[in-house]
Number of protein chains: 2
Amino acid sequence: MKILVDVLGGDNAPKAVIEGAISALNKKKDLELALVGPKKEIEEAFNKAKIDPSRYEIIESNEAVLNTDHPSLFIKEKPSCSMALAFEELRKRDDLGGFVSAGPTGALLTGAILRIGRIQGVARPCLMATIPTRTEKLCRVLDAGANMDCKPEYLYQFAVMADTYLKVLGEEKPRIATLSVGQEEGKGNEVSKAAYELLKASELNFVGNIEGDHVLKGEADIVVCDGFSGNVFLKSLEEACYYISDKFKAAIFKNIFTKLAALTMIKGLKNVKKPFEYANKASAPLLGCKKLVLKCHGKAKPEAFEAGILEAALLAEKGLLKQIEDNLKI
Amino acid sequence: MKILVDVLGGDNAPKAVIEGAISALNKKKDLELALVGPKKEIEEAFNKAKIDPSRYEIIESNEAVLNTDHPSLFIKEKPSCSMALAFEELRKRDDLGGFVSAGPTGALLTGAILRIGRIQGVARPCLMATIPTRTEKLCRVLDAGANMDCKPEYLYQFAVMADTYLKVLGEEKPRIATLSVGQEEGKGNEVSKAAYELLKASELNFVGNIEGDHVLKGEADIVVCDGFSGNVFLKSLEEACYYISDKFKAAIFKNIFTKLAALTMIKGLKNVKKPFEYANKASAPLLGCKKLVLKCHGKAKPEAFEAGILEAALLAEKGLLKQIEDNLKI
């Protein structure tokens, strides 16, 4: 199983990517990597870590796509940047089980759709985000922002793809919901209401409409929506969490007395952060392309790259893409 | 100036509404009220508070609309409920400057649109919510959920109506933004992108696209969006705040030691809540109907009713509705 890795993607590249790649190779003994990035730096680190040279290859690149690059023009404008070279490899080779990158989302999405293409039957590939809930379980939200305007059929397909993904990972009957403005049937906009009908009539384990509070209560494993409201939903969740965290921190660390008092709470306060750290580690799969593409967080640390690479390998071994294709045919 | 009040709307009705109404009458000496609700209870409380009987009238009703009632059928099914009677008064009388209710949002919206009708030139009335930011300033978000599917022109009109509202309240050049998934021009869905163009070409103080984090940073006074994503945005902000608050509280009040330590932080911790309490006090105006309608929070306490009634009186005195009509003509 060989996974392609963009060594120049993300704020902490290349160091964090290289470290994560080495950890992944150490954890999974039959894993092989194709690394797109600075040859010398990768070789030095891999030699130092005593990685068997037969387990990796390097495609040299010394240029990264930036957030300021145009997401659909970067391939033409920066043909030797790591992401453009990676898509070229994915397009022409059959031995690569997946691609992991923390590069800009727009470039990754557009590049994947233009250069790799869609699985037969997929109307629109989409990005799946993972968020924590008040329970132990995580929740998947899609589309997280790949498709601003969606038809109801797209939402239905998002549900099928996420359902396949969770089943591949061992979840038995993922609970699927449509993001809406009320729980009752008939609430929502035209797209969400029509998607509700499609999902209700399907074989999927559809649990109906869901609102933000019930998402956080862990009442669904998969929440489908158009990419505009999905993105609005995810970003406002994240930002409200920072907002309130900052307010609590200001109260807790206000002066020397409160700081001393905070010492008694250290363990508990660390736990507040935990669910978010876990969710940040999760990569966001781009579902529906002919090759598996996993987006790591722009601020991803080595553990996140390790987790992303291992997840890509696992999903490739389990044949996720083939199963998505089969399930969409039904 | 006479304001109509639904004494039976909200979880804390009628007691909280009656208390709020009495405070409002005590604060504003030229205010008069028309109260729809239980006659005996209102009279007893108003007599006890020594309110001059010439300052209020009572329209008797002993039945409330419930969340379970159908928002467009309740007027037919419960013709003597407080909200149905209130709309009847609003429709037939000219001396009422506005209507304040904490009853179910759906019923209030539908009732207002069906029974009162729109200001000439208004395509769709909408609900405007108020949220706190990291600064001292509040932010207005509309549509908060009255119109699930919107045309770009509706968003433009929402901006004009909110702009008029804030100017009436003394704000000089309200900063208006379109809710989107990125700040750059060209980000968003079809509706938000077209609304961007309309606003950019207008005389309004349009500051471009905005995302959740910048809304919380207080970078806009007015954020316009369709009612579906607006509702998703507002609810996820609120729920994420509760979610993180609960996590912090669990850490802070974990055991006797942390509880004692928390004593040093009491004042600071109270401040965390403040912006939300302030925002909860704000009523949500339904903009665009021929009569001014203010929705109080379902959990509104006496101060919120007082604030809502005084705001309705102020907006009526300043001639908000006439100004909206004039500004939409331009």
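Start by selecting His214(B): leaving aside residues up to four places away in sequence, His214(B) touches Gln183(B) and Glu219(B), where contact means heavy atoms within 4.5 Å. Before going on, note that this is a predicted model, in which local features need pLDDT of at least 70 and side-chain atom pairs count only at pLDDT 80 or more, while totals for chains, interfaces and linings use all residues. Residues are numbered from 1 along each chain as its sequence is written, chains are lettered from A and ligands numbered from 1 in the order in which they are written, and side-chain values use heavy atoms, with hydrogens and water left out.

**Stop 1: around His214(B)**

Show the side chains here. His214(B) sits in helix 8 (residues 212–216) of chain B; helices (H or I, at least four residues) are DSSP runs, numbered from the N terminus. Is His214(B) buried or exposed? His214(B) counts as buried, at 13% relative accessibility. On this scale buried means under 20% relative accessible area, exposed over 50%, and partly exposed in between (1.4 Å probe, protein chains only).

Now look at the two partners. The side chain of His214(B) makes a polar contact of 2.8 Å with that of Glu219(B) and another of 3.3 Å with that of Gln183(B). A polar contact is a pair of N or O atoms within 3.5 Å; within protein, one must be able to donate a hydrogen and the other to accept it, and residues adjacent in sequence count only if both atoms are side-chain atoms.

**Stop 2: the two chains together**

Zoom out and colour by chain. Chain A can be superposed on chain B by a rotation of 180° with 0.0 Å of shift along its axis (RMSD 0.1 Å). That is the relation of a two-fold axis. The superposition is by least squares on the C-alpha atoms of residues with pLDDT of at least 70 in both copies. To find the axis from chain A, select Ala261(A), whose C-alpha comes closest to it, at 2.3 Å.

**Stop 3: the interface**

Pick out Lys235(B) and Glu211(A), which form a salt bridge with their closest N and O atoms 2.1 Å apart. A salt bridge is a side-chain nitrogen of Lys or Arg within 4 Å of a carboxyl oxygen of Asp or Glu.

**Stop 4: salt bridges along helices**

Move to helix 1 (residues 15–27) of chain A, where Lys15(A) and Glu19(A) are four residues apart and so separated by about one helical turn. Their salt bridge has its closest N and O atoms 3.1 Å apart. Lys15(A) is exposed, at 58%, whereas Glu19(A) is partly exposed, at 37%.

Finish in helix 4 (residues 82–92) of chain A, with Glu89(A) and Lys92(A) three residues apart. Their side chains meet in a salt bridge of 3.8 Å, N to O. Here Glu89(A) counts as buried, at 11% relative accessibility, and Lys92(A) as exposed, at 55%.

Note on methods:
Helix = DSSP H or I, 4+ residues; strand = E, 2+ residues; numbered from the N terminus.
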